[in-house]
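User: I have a model open and want a quick run through it. Can we start with confidence and then go to the annotated parts?

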Amino acid sequence: MGRVNASTPSASSASPADDPARAAFAALRTPEGEHLLAELRDHDPAEELATATRLRRTHPAELVSAALGQARLRQRAVAKFGAGDAYRMYFTPNGVEQATRTSVATHRAARFAALGVRSVADLCCGIGGDAIALARAGIAVLAVDRDPLTAEVARANAEALGLGALIEVRCADVTEIDTSPYDAVFVDPARRGGRGRIFDPEAYSPRLSWATAAALKAPRAALKIAPGVPHEAIGPEAEAEWISDGGDVKEAVLWYGEGFAPGAFRATLLPSGATLTAPSPLDAPPVGPVGRYLYEPDGAVIRAHLVADIVERCGGRLVDETIAYVTSDVPYSSPYVSGYEITDRLPFNMKKLKALLRERQVGVLTVKKRGSAVEPEELRRRMKLSGPNAATVFLTRVAGAPTMLIGHPLG
């Protein structure tokens with residue numbers, strides 16, 4: 001998490017005193033720096049200029065700037081790490097952006113621990129979030145990153161959370177690490193470059209083929225990849241798992257070795273931990289007319305190509321062969337879907353929709369779409385909603401035709 005490019009030269013091979021970023025980080029860890037960070041915990045970013053002016057009367061300007069920057073990063077990190085950890089940890093901008101949230105890292109660590117893994121080589125460790133989750137599961141970790149500042153941040157985080165005895169941080173090129181002494185390997189290649197997100201797995205750093213080879217050498221391994229990775233890029237040796245948290249797909253993990261199921265596909269929903277699996281790719285599900293009920297599968301289920309499993313479980317069908325909406329004539333409850341009762345089906349027509357919503361006195365409209373170019377906010381604006389009632393509209397295709405389905409959530 002918070003991965004640094006592992007195939008390019010180190011950001012700095014100089015000592016901390018010669019590297020402004022590392023010098024600023026070292027200053028934050030002094031008593032004066034820690035005092036400033038504690039003072040800035042609840043500061044309002046909108047008042048940052050006034051705060052900076054006040055603090056510079058009694059502290060060096062460089063330290064104030066570094067502390068304000070770190071305070072901003074900590075506030076952003078609360079969403080992923082929780083306030084209890086975020087305000088004790090240290091971050092880099094890339095570290096916050098690319099970090100795995102704690103719930104997902106904890107789930108992955110628990111899978112390793114359940115198989116008896118007691119030591120892991122965490123390659124491309126970033127700011128150390130995955131190493132922290134592994135250590136909290138009782139696993140000893142070698143955390144490796146080739147960027148000196150990032151490695152120092154990871155080491156500081158292990159110490160700040162009382163996990164220094166279980167986490168060894170090493171600044172090195174991950175491709176040169178001997179992982180044979182470890183029970184398992186975890187690799188999180190960098191998927192961002194100078195121009196933003198990288199979509200080609202062979203442009204990851206290290207490239208996906210190298211990471212896969214490293215994983216296959218280990219007794220057990222996990223390889224974190226982007227959730228949008230093409231299924232054809234996944235080798236038959238891997239068990240592929242897509243993970244969502246609170247309904248949002250966060251990542252995909254390829255699992256290798258003893259205890260995992262090569263060729264299987266898995267969708268895991270957090271925080272419940274509900275898991276849907278298939279031993280191999282499923283056949284295409286049937287397509288048919290819209291019934292009384294509509295189901296929206298969780299994104300992890302869709303990414304894992306397990307919608308056909310939902311279709312079979314609910315005795316339903318797809319509304320269109322290219323759209324991941326499932327319909328049935330009887331109600332169905334499952335943690336893997338959100339269910340709706342459909343009251344109206346209309347060909348796509350803004351005027352007809354507006355008239356229907358006015359007739360139903362709908363003042364609150366939830367807009368969902370698959371296979372439609374219409375923007376939800378623009379649609380809501382044009383509807384000029386008014387009234388005490390609520391409704392949900394699905395903008396989609398049914399048997400290839402642009403269609404509007406109106407209904408409300410089950411339960």
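User: What is the mean pLDDT of the protein chain?
Analyst: This is a predicted model, and the mean pLDDT of the protein chain is 91. Of its residues, 93% reach 70 or more.

User: Where does pLDDT stay under 50?
Analyst: Over residues 1-13. For that stretch the model has 57 contacts beyond four places in sequence.

User: Switching to annotations. Which residues does "domain: Methyltransferase" cover?
Analyst: The UniProt annotation, from an unreviewed entry, puts it at residues 120-187. That span is 31% helix and 28% strand, and its end C-alpha atoms lie 10 Å apart.

User: At what angle do helix H13 and helix H14 pack?
Analyst: About 60°, with their axes 10 Å apart. H13 is residues 350-359 and H14 is residues 376-383. Angles of 65 to 115 degrees would count as roughly perpendicular, so H13 is oblique to H14.

User: Is the crossing left-handed or right-handed?
Analyst: The crossing of H13 and H14 is right-handed.

User: Which residues make the contact?
Analyst: H13 contributes Met350, Leu353, Lys354 and Leu357. From H14 there are Leu379, Arg382 and Met383.

Note on methods
Residues numbered from 1 in each chain as written. Predicted model: local features only at pLDDT ≥ 70, side-chain atom pairs only at ≥ 80, totals over all residues. Heavy atoms only, no water. pLDDT = per-residue confidence, 0-100. Contact = heavy atoms within 4.5 Å. Axes fitted to C-alpha atoms, helices over the stretch in contact; angles between N-to-C directions. Helix = DSSP H or I, 4+ residues; strand = E, 2+ residues; numbered from the N terminus. Parallel < 35°, antiparallel > 145°, perpendicular 65-115°, else oblique. Left-handed = near helix turned anticlockwise from the far one by under 90°. UniProt positions renumbered as here; feature names shortened; annotations may be inferred.
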